[in-house]
Each structure stands twice: as structure tokens, then as C-alpha cells.
Amino acid sequence: MTQPNFDSWSCPMPLRDHSAIVMGHGAGGRLSGELVEHLFVPAFAGTELAGVLQQLGDAAVLDLGGTRIAMTTDSYVVRPRFFPGGNVGDLAINGTVNDLAVSGAVPLALSVGLILEEGMPLDELGVITETMGEAARAAGVSVVTGDTKVVDAGSGDGVYINTAGVGVVRPGLLLGPQYVEPGDKILISGPIAAHGIAVLSVRDGLEFGSDIVSDTAPLNRIIREVLDAGIQVSMMRDPTRGGVAATLNEIAHASGHGIVITERAVPVADDVRAACAFLGLDPLLVANEGRVVMFVRPDDADHALQILGDDNPGAAIIGSVVADHPGVVVARTGIGGTRVVDLPLAEQLPRIC
Amino acid sequence: MKYLDEFGDADLARKLLDDIAETTTQPWALMEVCGGQTHTIIRNGIDQLLPDEVELIHGPGCPVCVTPLETIDRALAIAARPDVIFCSFGDMIRVPGSTDDLLCIKSRGGDIRIVYSPLDAVRIAQQNPEKQVVFFGVGFETTAPANAMTVKLAKQQNLANFSLLVSHVLVPPAIRAIMDSPTSRVQGFLAAGHVCTVMGLSEYEPLVEQYQVPIVATGFEPLDVLEGIRRVVTQLEAGRAELDNAYPRAVTPEGNPVAQGVVREVFETCDRSWRGIGMIPQSGWRLNADYADFDAERRFDVLDIMTTESSLCRSGEVLQGLLKPNQCAAFGKECTPRSPLGAPMVSSEGACAAYYQFRRLEVTA
């Protein structure tokens with residue numbers, strides 16, 4: 001085995017102003033995207049199925065002799081580990097179930113990899129894994145394999161969880177940005193931004209009193225109901241890191257169409273909106289863990305809203321796809337102006353005053 | 001929290017806009033001093049909805065933007081020390097210094113913490129007696145009372161491991177500097193409502209009289225900003241120049257005497273450099289002699305760090321209202337939020353960043 005030679009290695013990525021990883025590279029915004037596009041995709045090129053990676057979907061869809069399998073993986077490093085409405089455990093199950101579900105797959109089986117820090121209290125680990133079991137049972141998915149590693153005290157944050165999942169894609173269902181068309185309506189399955197604000201409300205240095213709980217939940221059942229009803233869906237995403245704004249920007253970019261949303265139509269619970277206001281955060285950029293953004297054909301929008309609304313009264317039609325301004329997301333503001341909804345650069349920073 | 005929908009009501013906004021349009025008979029140039037108001041204006045598209053005659057010039061009221069480069073460089077030098085926990089408001093940590101920002105220092109192992117309340121930094125100092133804890137105390141009069149409280153508490157509690165890196169700036173001297181500038185086009189001001197909440201209104205009387213310019217204390221929600229604009233335009237059209245308060249639910253003439261008291265106890269007025277603008281006499285606060293022991297610049301001996309700004313960046317003209325952000329040659333090219341040349345591109349309250357986030361269509365179209 002040859003020794004790594006860092007002298008001859010040149011970074012293919014134009015790291016214009018960072019020579020090392022910064023937190024923003026993991027925040028799901030522009031920095032994350034650049035890392036994937038310039039470093040990871042080229043590094044993994046040149047194999048039979050490498051083209052699948054370039055699609056950069058929530059899950060990869062592989063055609064195995066006529067059966068399409070969706071496969072995905074995600075790692076969960078939330079701090080604090082426990083937050084109002086959940087913990088890192090149910091997040092790790094629901095997040096991977098949702099990545100499969102928005103790819104049009106019925107989630108079947110998950111793997112669980114645990115990286116534990118020396119000194120992590122066993123009772124806390126017990127609560128987290130029991131929560132994972134409950135979440136898996138609730139979502140109707142089986143944990144079938146796993147792995148455990150322990151790192152030195154100080155080298156981890158108690159517990160990091162990786163889950164990978166596979167599912168079978170519904171026959172005949174074609175989802176993706178290439179199927180998004182001008183005229184498609186955009187729906188959200190419930191009020192946004194609760195998860196990110198719930199976690200912030202208990203984060204060291206930013207604690208504030210609130211009753212806001214995370215929206216973490218599995219989405220496979222509600223998505224199945226929509227698809228069973230024959231709704232013509234062109235694309236789905238669960239707007240996690242980077243929030244609804246990042247999701248809409250990615251789809252606008254990948255589809256080559258423009259997106260217009262009506263800011264007032266985007267559902268945000270009053271207490272979440274208030275917390276965003278005093279922290280100086282835009283709810284459109286805050287993470288969700290139990291919401292789906294759905295692009296559906298215009299004739300099916302009301303029917304889709306009815307099904308989503310039966311599950312969560314906060315569901316709403318928030319906008320539509322347009323032929324104008326390709327790749328750009330525009331919001332109509334509450335008082336009748338317009339603005340560009342940009343992809344966040346990195347994590348949002350609470351404002352000074 | 002009420003007010004969020006009520007003060008963004010579309011019908012009432014329409015009425016105010018119609019009123020402004022009916023009142024306006026000739027071109028007027030207004031400056032909103034505060035970056036929070038700039039953010040509201042751009043985020044809601046208020047400037048697009050105003051009559052063409054009413055021009056808004058975005059003032060130097062973003063504390064992140066006007067903090068001098070050398071103060072940022074001093075902050076970076078202090079934050080890089082292994083014995084230091086460096087605490088800051090969130091949006092200061094991405095402000096570029098000469099070579100780095102605080103995020104880069106953090107990625108190299110620096111202990112940088114975002115706090116929401118300055119008092120959290122004092123708590124961190126209590127909990128970490130073996131470390132030096134420094135709070136980056138920037139801002140206008142709004143943040144000064146809470147920043148002053150940190151050193152007052154630290155002194156009471158004999159917290160020898162706490163210090164404050166101070167770069168406070170003041171609104172009235174900035175208005176004076178803008179009005180004294182021979183190139184200034186500003187004919188009326190929206191004063192920053194939250195600064196007035198702390199300081200009251202009396203400091204603005206002499207400015208109104210000397211420069212014969214309307215000054216209206218204005219809030220931050222869309223209807224607040226529109227009402228402030230309406231009142232300034234109404235005065236200008238009537239040939240009046242008065243001090244007015246369009247934000248009475250938060251601003252009283254005398255301000256907050258308790259907050260003023262703690263500020264007077266801890267700070268003294270000093271000359272201050274503003275990034276992109278230069279030195280404005282008596283426009284800042286620094287720790288006074290009683291609290292000099294808590295001055296981080298002295299404690300860490302960084303006063304010899306002196307730096308100059310990028311020559312491409314024209315933030316000085318932007319901050320004086322002489323140039324719209326998208327009129328700068330570097331805007332959206334060499335200078336983006338991803339790699340900002342100047343501070344107004346960094347903070348979400350900065351005029352350049354607000355234009356970049358919400359107005360790129362006008363540039364790319």
C-alpha cells in the first residue's frame with residue numbers, strides 16, 4: 001500500500017477562502033453544494049453507476065433487473081442530543097425513512113451505525129436506541145444490520161448515528177427535477193421551521209423558553225396516500241438543512257425553471273414565527289424533519305392539498321413553477337413587493353439586534 | 001408575539017403607499033440610518049412600491065458593517081490565542097478581516113462561541129476560570145447597555161478572566177458627518193427606532209435645527225417603515241423640518257434612563273473609525289478609566305495591529321449613500337456573500353448583502 005502523498009495532491013475544488021473545513025460545509029447551503037460538486041462527485045467518478053451520484057437526489061435509484069431500488073445514507077450529529085419533541089435517535093430513523101419516501105420508495109430496511117464517545121452514559125444511549133426502535137416500528141421499517149465504534153473521550157459528541165436505508169420504488173413512478181414543468185403547483189405538508197427552532201431553543205448559549213417542539217416524523221404514510229390517490233407528482237423533497245429555501249433553489253436550478261412562492265401562503269406557527277423574528281432568522285431557511293415539499297400537476301393540486309390537509313391542517317399550496325427567471329426562486333412579499341429567495345451560504349447566524 | 005402580521009398588513013400598507021404617492025410632488029432623498037430598516041425595506045420590496053420620486057439611501061447603521069477592519073483583525077488575533085474563549089454575536093463571526101474570519105479561526109481550533117445575550121459571556125467566564133473569556137462588544141446605542149452590564153457584573157464579581165473588545169458607534173455623530181459631507185444628498189432621516197428606545201429623542205433636536213432636516217424615529221416592521229417615510233415626505237413637501245416620533249410604542253422622548261445610566265457608568269465618548277467611512281469625531285464609546293482593566297485591546301496587547309481596507313471595495317460610498325450596492329463594479333463579481341470584500345456584503349443587515357440576497361434579478365436580468 002502506498003503512503004498518501006499530500007505534496008502532490010492538489011485540491012480540485014476552488015476553495016476560494018477556506019483551506020480547511022468550516023461548519024458551513026455541513027449546513028446544506030452553498031458551501032455544502034460546492035464540496036459535493038467539486039470534490040466528491042469527481043472523486044467517485046469513473047465507475048459503472050457513478051452517473052447515479054451525479055443526480056444528487058435524496059436517495060439513489062438503482063434499476064436491478066426491472067425492480068428499482070432506492071438507497072440512501074445520512075449521519076446525525078445534532079447538538080444537543082435531546083431537544084423538545086425528539087432526540088438524535090428518532091431523527092436518525094425518520095430522516096432516512098423520509099429520504100427514501102420522497103424518492104418514491106416504500107422504505108424496507110435500515111442499517112444503524114453508532115459512533116460512541118468514551119464516557120457516554122449508558123442510560124442515555126438506552127433512551128436513544130429505544131426511541132429509534134419506536135420510530136422504526138411507527139414507520140413500518142426494519143433495522144436489519146448495524147455497527148458500533150467507540151472513540152476516545154473528547155473525540156466525539158457523545159453519540160453520532162449513521163443510518164442507511166433501502167426501499168423499493170413504486171413501479172411506473174417517475175420523480176425528479178427533469179419532470180417538473182411550468183404550471184406545477186408547490187405544496188408543503190405542514191407548518192415549517194419548527195424543528196430548527198426547537199433545537200436552537202435548547203442549544204447552549206441561545207436557550208430561550210418556548211413550547212416549540214420538533215416536527216420530526218416519518219413521511220412515508222402520507223406520501224403513500226397521495227400517490228395511492230393517483231395524484232400526478234413530479235418531484236418531492238423533505239426540506240431539512242437549509243430549509244424550504246434550499247429545497248426550492250435546488251429544484252429551480254436542477255429543473256431549469258423559475259419558482260414563485262407567496263410568502264403569506266407559507267405556513268409558519270405563530271410561536272415559531274415569533275422566535276424567528278427575535279433571533280433574526282428567516283423561517284424559509286430553517287430546518288424541518290417531518291415535512292415534504294411536493295410538486296404536483298395543477299389539476300391535482302386541490303386534491304393533493306385535501307389529502308395533506310387531512311393529515312395536517314397546516315398543509316398549504318405555497319407557489320408554482322414558472323417559465324420566467326429560470327433557476328431563481330422569487331417570493332411575493334406580504335405587502336405586495338417581490339424578492340429573490342436565495343440559497344443560504346451556510347448556517348444562518350442570529351442577528352446582532 | 002403579536003405585531004408580526006399586524007404591522008405587515010397588506011391593505012394598510014397599500015393605504016400608506018397611496019398616501020405617500022398623493023403627497024409626493026417632487027423628488028426626495030431619504031436615508032434610513034439603521035441596517036435593520038434596510039433589511040425590512042429590501043426584504044419586503046418596499047422601495048419598489050414607493051413612487052419613483054422617493055429615493056431611499058441606505059445609511060451606515062449596520063454595526064457589523066462599520067466595525068473597522070483593524071478591530072476585526074484585533075479580534076482575530078485575540079480569538080486565535082489558545083487561552084481564550086471568544087464570544088460574539090452571530091453575524092460578526094463571518095466578517096472578513098485582512099486574511100481570515102472568526103469561522104476560520106474556529107476551524108483551526110479556536111474556541112469561538114456565538115451568544116445571544118452578552119451576559120451569557122459573563123456566565124461562560126464564571127464557568128471557565130482557567131480561560132480568558134472575551135466578548136466582542138460591538139453595536140450602536142442599542143446593544144451598549146447590555147454590553148456595559150457585562151463589565152459592570154464582571155467588576156462586581158471580581159471576574160479577572162473576563163474582558164470586552166469594544167467598538168461601539170453612535171448615531172447622532174454619524175448623521176452630523178453625513179450632513180457635513182459636501183457630497184451628501186440626504187434631505188430627511190428615518191432615525192433608528194431601537195437606538196431612540198434607549199437614548200430618547202433629545203440628541204436629535206440640535207441636528208434638526210442646525211441642518212433644517214426632518215428626522216423621524218421609525219420602527220422596523222413594514223408598516224413602521226412606511227409610516228416613517230410618509231411622515232418625512234409630508235414634512236419635506238410642507239417645507240417643514242421637525243423631530244417626530246413614528247414609533248411611539250417603543251420610543252419615549254426621554255428614552256430608557258436605567259439603560260443610559262449603566263452606559264454612562266461604564267463608557268466614555270471617543271473618536272471612532274467607521275469601516276469604509278473613516279474617522280468620525282466623538283462617534284464612539286470606549287471603556288472609561290474605571291473599567292479600563294476590562295479592555296481586551298489592552299489586556300491582550302493588540303493595539304499595534306493596524307490595517308487598511310481593500311481598494312476595490314467602495315463600501316464607503318455605499319455607506320454614505322453615494323452609491324447603490326449594485327452600482328459597485330465588484331458587486332456580485334469579486335464581491336459576494338461567499339467571498340465578501342467589504343463588510344456590507346457580510347451581515348444580513350448590510351446593504352450589499354441585502355441587495356445580493358433579494359435583488360440579484362435586477363443585476364443578472
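1. In chain B, B:Ser88 has B:Ile114 of strand β4(B) as its bridge partner. Strand β3 (residues 84–88) of chain B is joined to β4(B) by four bridges, and the two strands run parallel. Two strands are taken to pair if DSSP finds at least two bridges between them, and the helices (H or I, at least four residues) and strands (E, at least two) are DSSP runs, numbered from the N terminus.

2. This is a predicted model, in which local features need pLDDT of at least 70 and side-chain atom pairs count only at pLDDT 80 or more, whereas totals for chains, interfaces and linings use all residues. Residues are numbered from 1 along each chain as its sequence is written, and chains are lettered from A and ligands numbered from 1 in the order in which they are written. For the model, ipTM is 0.74 and pTM is 0.83. Chain B has a mean pLDDT (the predictor's confidence in each residue, from 0 to 100) of 90, with 96% of its residues at 70 or more.

3. The β3(B)–β4(B) pair belongs to an open sheet of six strands with mixed pairing, in the order β4-β3-β5-β6-β11-β10 (chain B). At the edges stand β4 (111–114) and β10 (267–274) of chain B, and because each has a single partner strand, one side of each is left without a neighbour in the sheet. From one strand to the next, the twist averages 25°; here axes are lines fitted to C-alpha atoms, for helices over the stretch in contact, and angles run from 0 to 180 degrees between N-to-C directions.

4. Two helices lie across this sheet. Helix α8 (residues 144–156) of chain B lies across β5, β6, β10 and β11 (278–287) of chain B, at about 155° to β6(B). Contact between two residues requires their C-beta atoms, placed from the backbone, to lie within 7 Å.

5. Is B:Phe136 buried or exposed? B:Phe136, which lies in strand β5 of chain B, is buried, because 30 other C-beta atoms lie within 10 Å. The cut-offs are 20 or more other C-beta atoms within 10 Å of the residue's own for buried, 12 or fewer for exposed, and partly exposed in between, with C-beta atoms placed from the backbone. Leaving aside neighbours within four places in sequence, B:Phe136 is in contact with B:Ala75, B:Cys87, B:Ser88, B:Met92 and B:Leu165.

6. As a whole, chain B contains 16 helices and 11 strands, and buried residues make up 56% of its 365 residues.

7. Strand β5 (residues 105–117) of chain A pairs with β6(A) in the parallel sense over nine bridges, and A:Ile115 stands opposite A:Lys149 in β6(A).

8. A hairpin in chain A also deserves a look. β13(A) and β14(A) form it with five residues between them, and A:Gly336 in the turn has a positive phi of about 105°. Three bridges join β13(A) to strand β14 (residues 338–340) of chain A in the antiparallel sense, and A:Ala331 has A:Arg339 as its bridge partner in β14(A).
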